[in-house]
Amino acid sequence: MKKILAAVLFTALATPSFAQSGTNSPYSQYGLGLLSDQTSGFNRGMNGLGLGFREHNQVNYINPASYSSIDSLSFIFDVGISGQVTNFDEGGVKKNANNSNFEYAVAGFRAARHLGVSFGIIPFTNVGYNYSNTANVGGITGSDATSYVNTYSGSGGLHQIYVGAGWEPFKGFSFGANVSYLWGSYTRSVTNSYTDNYINTLSKYYTASTHSYKLDFGVQYTTKISKKDMLTVGLTYSPGHKLGGKSECTVVSTNSQTAVSDTSSYSVSKALEIPVMYGASLTWNHDNKLKLGFDYSLQKWGSVVAPVYNVTNNVPSYTAEKGQFADRHKYTFGGELCPQENSRNFFKRIHYRLGASYATQYLKINGLDGPKEYSVSAGFGIPIMNGYNNRSILNISGQWVRQDSKMFIKENTFRINIGLTFNEKWFAKWKME
């Protein structure tokens, strides 16, 4: 019980860390922001693979059915951080940005026979950018030309605290669910200013906040196909729904000569929404040494609404409209090799991991689909072996992500993920001789 209370306290203390932005991407200015990876340290070594993985010593919260596989007499606590370098390329102009982030804090334990429980805090979306562009009005050049500067900035994101359970009612079949409290806010602004003092400066400020819920359901079915080989099918489902809260837009027109401002405010309720999400996986396990899997996920963003500011016949409006996003598809293939998990040889106990993914973007920019995403990763699960504990694991991985588009900014990100999984024995009875 003390370990559970300590984990809950650590999770609560970690909550303010999620207010720090882990991105500088201009793509986070659209929708709810950049979608977070939502995977733990061992998944990230395989580029997020895991819907069909059943790990006895890791918390695999992307499919809550997996909690039923957690070892008895174990309490698992997993925390993760990341650091990244991103190169932005637009029209041959390149810039770099560095970020670090506290990624997640989760825990899991066996509550009863074939029943596992997990809880924790994980990110959902991330907003963070600050950039500007300059051009001449009408393309006119020379000393008489009037130039303008558009400045864009934003911060925030959505986060979730979850509690879940997974149960195996009969051998080979498990199901589970996560119930999450989803909350967060974002602030975005765009300012249009001119070198000609006779033209007003126009600023728009977009804000939104929400407090809602999120549900995730999962099933896993494992069957033996030979003496040493098993096949697991994993399925997940998350229902979509409108989020509570209010979205607001404030438009400020400032006279550049008198500094007098004219302010107009607009708001719309229930303009934020999360989509229906599906996941499917097929995982092959050979002698509990080699595991290979394929994950597919679909997020139905194309049918959700989002707040939009429009001006029609000089009449401004701020309304919730569909058609702002596209459905997101993601395909991931990867696996891990652990020659002998309980060997006395240190190197045979290491988990070697690889993974690769392709994903379409859920964002639409000026009516066009956002960039395609290509990513690969490699990592290690390094056992911690000492006189006190030989069950904990240090998960380290490197990941390369490319956001590729012919029409928009290209991004290349190299990310280092570090996760530390504490695995403690509890409820063990001491034997007296």
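Which cluster do ring pairs link W167, F170, F173 and F175 into, and what joins these residues? Ring pairs join W167, F170, F173 and F175 into one cluster.

## Getting started

Welcome to this structure, which is a predicted model: local features need pLDDT of at least 70, side-chain atom pairs count only at pLDDT 80 or more, and totals for chains, interfaces and linings use all residues. Residues are numbered from 1 along each chain as its sequence is written, and side-chain values use heavy atoms, with hydrogens and water left out.

## Rings that meet

Rings of Phe, Tyr and Trp (its six-membered ring) pair if their centres lie within 6.5 Å; planes under 30 degrees apart count as stacked, over 60 as edge-to-face and the rest as tilted. One of the pairs is formed by Y296 and Y331, tilted at 35° between the planes and 5.1 Å centre to centre. This pair links distant parts of the chain, since Y296 is in strand 15 (residues 290-299) and Y331 is in strand 18 (residues 328-337), 35 residues apart. Strands (E, at least two residues) and helices (H or I, at least four) are DSSP runs, numbered from the N terminus.

Y331 also pairs with Y358: their ring centres are 6.4 Å apart and their planes are at 20°, so this pair is stacked. Here too distant parts of the chain are linked, with Y331 in strand 18 and Y358 in strand 19 (residues 351-359), 27 residues apart. Y296 is partly exposed at 25%, Y331 is partly exposed at 35%, and Y358 is partly exposed at 29%.

## A charge over a ring

Another ring to look for is that of Y186. The charged end of R188 sits over this ring, 4.2 Å from its centre. A charge sits over a ring if NZ of Lys or CZ of Arg is within 6 Å of the ring centre and within 35 degrees of the ring normal.

## A nonpolar patch on the surface

I81, Y374, V376, I396, W400, F414, I416 and I418 form a nonpolar patch on the surface, with about 650 Å² of accessible area together. Patches are made of residues with over 30% relative accessible area and no salt bridge; nonpolar side chains (Val, Leu, Ile, Met, Phe, Trp, Tyr) are joined within 5 Å, and like charges within 9 Å. A salt bridge is a side-chain nitrogen of Lys or Arg within 4 Å of a carboxyl oxygen of Asp or Glu. Accessible areas come from the Shrake-Rupley method with a 1.4 Å probe, and for residues only the protein chains shown count as cover.

Strand 22 (372-383), strand 23 (393-404) and strand 24 (410-425) each supply at least two residues of the patch. The largest share, three residues, comes from strand 24. W400 lies in strand 23 and is partly exposed, with a relative accessible area of 36%.

N57 is found in the loop between helix 2 (41-44) and strand 2 (74-90), and is buried at 7% relative accessible area. Leaving aside neighbours within four places in sequence, N57 is in contact (heavy atoms within 4.5 Å) with I76, E341, I393, T421 and N423.

K270 has a positive phi near 55° in a residue other than glycine. K270 is placed in the loop between strand 12 (261-269) and strand 13 (273-274), and is exposed at 54%. N288, also not a glycine, has a positive phi of about 55°. N288 is in the loop between strand 14 (277-286) and strand 15, where it is partly exposed at 42%.

Methods:
Buried means under 20% relative accessible area, exposed over 50%, partly exposed in between (1.4 Å probe, protein chains only).
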